[in-house]
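Have a look at the picture first, then follow along.

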Amino acid sequence: MAKLKICKNCGKKINATSNFCPHCKSESFEDISTIDKIKYLLFYWQVNGGYILSKTKVITLFIFISSIIDWFISGNFAIFLDTLTAVALFGVGFAFHIILKNDKPSENVVNHTDNGLIIDLMQLLFYWQDKETGEYEVSMAKTLSIIAAVIFGLYYNIATANLIILKTFGASLIIVLPIFTIGYIIHRFKD
C-alpha cells in the first residue's frame with residue numbers, strides 16, 4: 001500500500017511524497033493513523049491516487065465474519081468451507097481488479113468516494129453512483145432489495161428456527177436478486 005498523508009486544509013488523502021495538496025494546494029499535512037491504514041487495507045482498492053470501497057472485500061469480510069458468528073452460535077463447523085468460499089471470492093474479485101486496471105473510474109468518481117467507511121457502506125447498499133459525475137442518487141432497487149432481504153431473512157429465521165446467518169442470507173437471495181437485477185438494468189440503460 002502506498003504511503004499516504006492527509007491534507008489538514010481539505011482532508012483529502014494524498015501521496016506521502018507530495019509537497020502540496022493537488023486538490024487545494026495546501027502544504028500542511030498529517031500522517032494517516034494505523035486504524036486508517038487497516039481500514040484501507042481491509043475495505044478499499046487504491047485507484048487513481050484515491051481509494052474506492054471494494055465490493056469484493058466487503059462481501060468477503062461479511063462471509064468470513066458471518067461464518068465465525070455462525071460457528072459460535074450453532075457450533076457449525078462449516079467455517080472452513082465458508083473461509084474457502086470467502087478466499088475464492090476475494091481471488092475472483094482481485095483478478096477482476098487487476099484485469100480491469102486499465103478501465104479506471106473517472107476522477108469525479110474517485111473524488112466522490114472515501115467519505116468514511118460507514119457512509120461508503122451506506123452508499124454501496126442504497127445508492128447508484130453516476131460513472132461520469134461521481135454523484136450519488138438513491139436507488140429504489142437497492143433499497144427494496146435490502147428491505148426484502150431483511151423481511152425474508154426474519155421470516156426464514158422464525159419459520160425454520162435457523163440462526164445461521166449465511167444460510168439465511170443465501171435463502172434471501174432468491175427474493176433479492178430479481179429485484180436488484182431489474183433495478184440494475186433500469187439504472188444502466190436510463191438516459
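Predicted model: local features only at pLDDT ≥ 70, side-chain atom pairs only at ≥ 80, totals over all residues.

Let's start with a charge and a ring: K39 lies over the face of Y40, at 4.8 Å from the ring centre. A charge counts as sitting over a ring if NZ of Lys or CZ of Arg is within 6 Å of the ring centre and within 35 degrees of the ring normal.

Residues are numbered from 1 along each chain as its sequence is written, and side-chain values use heavy atoms, with hydrogens and water left out.

**The overall layout**

Zoom out and you'll find seven helices and seven strands. Both are DSSP runs numbered from the N terminus: helices are H or I with at least four residues, strands are E with at least two. Going along the sequence, the pattern reads β-β-β-α-β-β-α-α-α-α-β-β-α-α.

The protein has 191 residues, and 31% of them count as buried. Buried means under 20% relative accessible area, exposed means over 50%, and partly exposed is in between (1.4 Å probe, protein chains only). Now take the contacts between residues at least 6 apart in sequence: 46% of these join residues at least 24 apart. Contact here means heavy atoms within 4.5 Å.

**A sheet of three strands**

In which order do the three strands of the open sheet sit? The order is β2-β1-β3, with antiparallel pairing. Two strands pair if DSSP finds at least two bridges between them. The edges are β2 (13-15) and β3 (29-31), each of which pairs on one side only. On average, neighbouring strands of this sheet are turned by 45 degrees against each other, direction ignored. For such angles, axes are lines fitted to C-alpha atoms (for helices over the stretch in contact), and angles run from 0 to 180 degrees between N-to-C directions.

Strand β1 covers residues 4-7 and is joined to β3 by three bridges. Along that pairing, K5 stands opposite D31 and C7 stands opposite F29. Three bridges also join β1 to β2, where I6 has K13 as its bridge partner. The strands β1 and β2 make a hairpin with five residues between them, and G11 in the turn has a positive phi of about 80 degrees.

**Rings that pair up**

How many aromatic pairs does the structure hold? There are three. Rings of Phe, Tyr and Trp (its six-membered ring) pair if their centres lie within 6.5 Å; planes under 30 degrees apart count as stacked, over 60 as edge-to-face and the rest as tilted. Two of the pairs are set out here:

| Pair | Type | Centre to centre | Angle between planes |
|---|---|---|---|
| F90 and F94 | stacked | 6.1 Å | 20 degrees |
| Y127 and Y136 | edge-to-face | 6.3 Å | 80 degrees |

F90 and F94 are four residues apart in helix α3 (residues 79-99), so about one helical turn separates them. F90 is partly exposed at 29% relative accessibility, and F94 is partly exposed as well, at 38%. In the other pair, Y127 counts as partly exposed at 27%, and Y136 does so at 25%.

Is S139 buried or exposed? S139 is buried, with a relative accessible area of 1%. You'll find S139 in the loop between β7 (136-138) and α6 (140-160). Leaving aside neighbours within four places in sequence, S139 is in contact with F126, Y127 and W128. A polar atom of the S139 side chain also lies 3.0 Å from the backbone nitrogen of K142.

Next comes A141, which lies in helix α6 and is buried at 12% relative accessible area. Not counting residues up to four places away in sequence, A141 touches I179 and G183. What about the polar atoms just mentioned? A polar contact is a pair of N or O atoms within 3.5 Å; within protein, one must be able to donate a hydrogen and the other to accept it, and residues adjacent in sequence count only if both atoms are side-chain atoms.

Helix α6 also holds T143. Residues up to four places away in sequence aside, T143 touches F126 and V138. T143 and I179 are 36 residues apart in sequence and 9.8 Å apart in space, C-alpha to C-alpha.
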